[in-house]
Amino acid sequence: NAACAPALNAERAVTYGPNEMHIPVKSIPRLIFEEMWHAFYVFQYFSILVWVAGDQYYSYSVCIAAITWFSIVSSAVETHANASRLAQVAQHATEVEVLRGGKFVRRSSTLLVPGDIVALGPPATA
């Protein structure tokens with residue numbers, strides 16, 4: 001049992017690493033690059049090309065191009081903001097009471113390992 005064996009706790013800490021979740025957040029330019037190749041936008045590029053080359057609808061093509069790029073950039077900015085908020089929430093660490101060596105001690109939640117017994121409820125008074 002991990003609650004009773006300090007050596008097992010140390011081994012599990014090495015094996016599993018810290019009890020943390022890191023969510024990668026892509027940069028806005030990277031998100032724009034990925035977004036611009038979605039099927040809908042590729043269709044828009046093709047349509048703009050046909051309107052300019054074939055039908056000479058220049059003003060319509062410019063409007064659609066501007067709207068398309070605005071949509072791509074705003075989607076990338078929103079995705080980046082959401083990923084940043086999610087990464088902040090996932091990095092939450094708090095003090096918990098965990099059974100170590102037969103008694104409950106306060107430790108950071110990042111130091112928990114699989115098999116730890118954690119006290120739930122109001123904090124114990126020391």
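Biologist: In this predicted model, which residue of β2 is the bridge partner of Val-98?

Modeller: The two strands concerned are β1, residues 95-100, and β2, which run antiparallel and are joined by six bridges. Within β2, the residue that bridges to Val-98 is Val-105.

Biologist: Which residue in the hairpin of β1 and β2 takes a positive phi?

Modeller: Two residues lie between the strands of this hairpin. A positive phi near 65° is found there at Gly-101.

Biologist: In what order do the three strands form the open sheet, and why is one side of β2 and of β3 left without a neighbour?

Modeller: In general, strands of a sheet pair through backbone hydrogen bonds. Here the pairing is antiparallel. Strands β2 (103-108) and β3 (118-119) stand at the edges with a single partner strand each, so one side of each has no neighbour in the sheet. The order is therefore β2-β1-β3.

Biologist: How many residues of β1 are buried?

Modeller: A residue counts as buried under 20% relative accessible area. Strand β1 has six residues and is mostly covered. The number of its residues that are buried is five.

Biologist: Is Thr-68 buried or exposed?

Modeller: Thr-68 lies in helix α4, which spans residues 58-90. Leaving out residues up to four places away in sequence, Thr-68 touches Tyr-41, Gln-44 and Tyr-45. Its relative accessibility is 3%, and the cut-off is under 20%, so Thr-68 counts as buried.

Biologist: Which residues make up the largest nonpolar core?

Modeller: In soluble globular proteins, nonpolar side chains tend to be buried together. The largest such core in this model has six residues: Leu-31, Ile-32, Met-36, Tyr-41, Ile-72 and Ala-76.

Key
Residues numbered from 1 in each chain as written. Predicted model: local features only at pLDDT ≥ 70, side-chain atom pairs only at ≥ 80, totals over all residues. Heavy atoms only, no water. Pairing = 2+ DSSP bridges. Helix = DSSP H or I, 4+ residues; strand = E, 2+ residues; numbered from the N terminus. Buried < 20%, exposed > 50% of the residue type's maximum accessible area, 1.4 Å probe, protein only. Contact = heavy atoms within 4.5 Å. Core = buried A, V, L, I, M, F, W, Y, C linked by side-chain atoms within 4.5 Å.
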